[in-house]
Amino acid sequence: MTEHKARKRFGQNFLQDTRIISDIVHAVRPQADDIVIEIGPGLGAITQPLTQKLNRLHVCEIDRDIIQFLKKQTFAEKLTIHEGDVLAFDFRQIQGKKKIVGNLPYNISTPLLFKLSEVADEVIDMHFMLQKEVVERMVAQPKSNDYGRLSVMLQYFFDMESLIDVPPESFQPAPKVDSAVVRMIPVANRIGKAENFQHFSDLVKQAFHQRRKTLRNNLKDIASDDDLQAVGISPQQRAEEIAPECYVQLSNYLISKV
C-alpha cells in the first residue's frame, strides 16, 4: 500500500517530511481525552503520531483504498473512520468541543473552510495544511493584495496565524505550489456581531465582486453614499481598503433601516 498512487481527483499529496509532521503534532498539542478529527488522513503521516497521544481519533476519508490501508495499521483500533466526502460530513454529529486537523485537499479548501465556519462554536482550534497562497489570503490585512472576501469571512469567526511554511519537496508527489500550516482559533464576535449573518455574508460577497470598482459601484443596489458615510466608509474606497469590522457595522446599519 506504500505504492498507493495519489489521486488527482481527490487532491492527494502525501506529507512525508518527518520534521514538519512533528511540528504539526506539536502545534495541535493533543491530550489523551481530546476530541480530534483529522480530515484526509492519507497514508497516516499525521494520523499515526496523533494516535500515540490520543485515546481515540476520528478521521474523514473519501478514498476506499486508503480506508482499507488504515484499517490494517497497528493504530487502527484507535480510529473511528468516517467514509465519504468531507463537504457532506456533519461535524456536529461528533459531540463535544473539537480540535480539527488536516492536510486539506487544495481543490476543496475554500468551500471546506466556509463549511467549518458554521461549526466554529463547537471547535477549540483547527490546524490545516493549505496552499500558502490561501493561507496568505486568510490572514491578510486591509490594503493588501491578498485581502479579500475569504479574509473578511474567516476573520469574522477566527483568530488566525500562519505557523509553518512547507516546501513542495515535503510531499509525495510534490505539488507545484508552496504550502503552509495555519492555526485557526474561534473567537466569538471578534469583529462585532452581525445582526443578520446572511445579509453580512451577501454584502461582503457583493463588495468584492469586482475588486477594481469602488464600493459606490459594487454596492449601489444595497447601500447609498449616505449609508456608507454613516459608518465612516467613503463611497470612493474599494473593498480591500475596508476593515472587516466595518462590513459588520455597515450590514447592521442597513438592517436597522429595514
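**Reading a predicted model, feature by feature**

Trainee: In which strand is D125 found?

Mentor: D125 sits in strand β6, which covers residues 123-131. Keep in mind that this model is predicted.

Trainee: Is D125 buried or exposed?

Mentor: A residue is called buried when its relative accessible area is under 20%. D125 has 5%, so D125 is buried.

Trainee: Which residues is D125 in contact with, leaving aside its neighbours within four places in sequence?

Mentor: R29, K98, K99, I100, M184, I185 and P186. With K99 there is also a polar contact between the side chains, at 3.4 Å.

Trainee: R29 is on that list. What is its phi, and where is its place?

Mentor: The phi of R29 is near 50°, a positive value in a residue other than glycine. R29 belongs to the loop between α1 (18-28) and β2 (35-39). Its relative accessibility is 46%, so R29 counts as partly exposed.

Trainee: What is the phi of K143?

Mentor: K143 has a phi near 70°, again positive in a residue that is not glycine. The loop between α5 (132-139) and α6 (149-157) holds K143. With a relative accessible area of 68%, K143 is exposed.

Trainee: How many residues of α6 are buried?

Mentor: The general idea comes before the count. An α-helix has 3.6 residues a turn, so residues three or four places apart point the same way. As for α6, eight of its nine residues are buried, and the helix is mostly covered. The buried ones are L150, S151, V152, M153, L154, Q155, Y156 and F157.

Trainee: What covers the buried residues of α6?

Mentor: The cover includes the helices α4 (109-117), α5, α7 (197-207) and α10, together with the strands β7 (158-166) and β9 (179-186).

Trainee: Take S117 in helix α4. Which residues is S117 in contact with, leaving aside neighbours within four places in sequence?

Mentor: L154, F157 and F158. L154 and F157 are among the buried residues of α6. S117 itself has a relative accessible area of 5%, so S117 is buried as well.

Trainee: Where does R190 lie?

Mentor: R190 lies in the loop between β9 and α7. At 34% relative accessibility, R190 counts as partly exposed.

Trainee: How many residues apart in sequence are R190 and Y156, and what is their distance in space?

Mentor: Sequence separation and spatial distance are read as two separate numbers. R190 and Y156 are 34 residues apart in sequence, and their C-alpha atoms are 6.5 Å apart in space. Beyond its neighbours within four places in sequence, R190 is in contact with Q155, Y156, F157, F158 and D159. A polar contact of 3.0 Å joins the side chains of R190 and D159.

Trainee: What separates the C-alpha atoms of L43 and R216?

Mentor: L43 and R216 are 173 residues apart along the chain, and 50 Å lies between their C-alpha atoms. L43 is in the loop between β2 and α2 (47-53). Its relative accessible area is 28%, so L43 is partly exposed.

Trainee: Which residues does P235 touch, not counting those up to four places away in sequence?

Mentor: P235 touches T214, L215, R216, D225, L228 and Q229. P235 is placed in the loop between α9 (225-230) and α10 (244-257). At 4% relative accessibility, P235 counts as buried. S224 is eleven residues from P235 in sequence, and the C-alpha distance between the two is 8.4 Å.

Trainee: Now the whole chain. How many helices and strands are there in the protein?

Mentor: The protein has ten helices and nine strands. Its radius of gyration is 20 Å, close to the 18 Å that the globule rule gives for 258 residues, so the protein is as compact as a globular protein of that length. Along the principal axes, the C-alpha atoms fill a box of roughly 65 × 40 × 30 Å.

Trainee: What share of the residues counts as buried?

Mentor: Of the 258 residues, 50%. The protein exposes about 12900 Å², of which carbon and sulfur atoms supply 45%.

Trainee: What share of the contacts with a separation of 6 or more comes from residues 24 or more positions apart?

Mentor: That share is 65%.

Trainee: How many charges are there, and how far apart are their mean positions?

Mentor: There are 33 positive and 34 negative charges, and their mean positions are 3 Å apart.

How values were computed. Residues numbered from 1 in each chain as written. Predicted model: local features only at pLDDT ≥ 70, side-chain atom pairs only at ≥ 80, totals over all residues. Heavy atoms only, no water. Helix = DSSP H or I, 4+ residues; strand = E, 2+ residues; numbered from the N terminus. Buried < 20%, exposed > 50% of the residue type's maximum accessible area, 1.4 Å probe, protein only. Contact = heavy atoms within 4.5 Å. Polar contact = N/O pair within 3.5 Å; in protein donor to acceptor, adjacent residues only side chain to side chain. Rg over C-alpha atoms; globule rule 2.2 N^0.38 Å. Areas by Shrake-Rupley, 256 points an atom, 1.4 Å probe, with all protein chains shown as cover. Lys, Arg positive; Asp, Glu negative; His and termini not counted. Charge placed at Lys NZ, Arg CZ, Asp CG, Glu CD.
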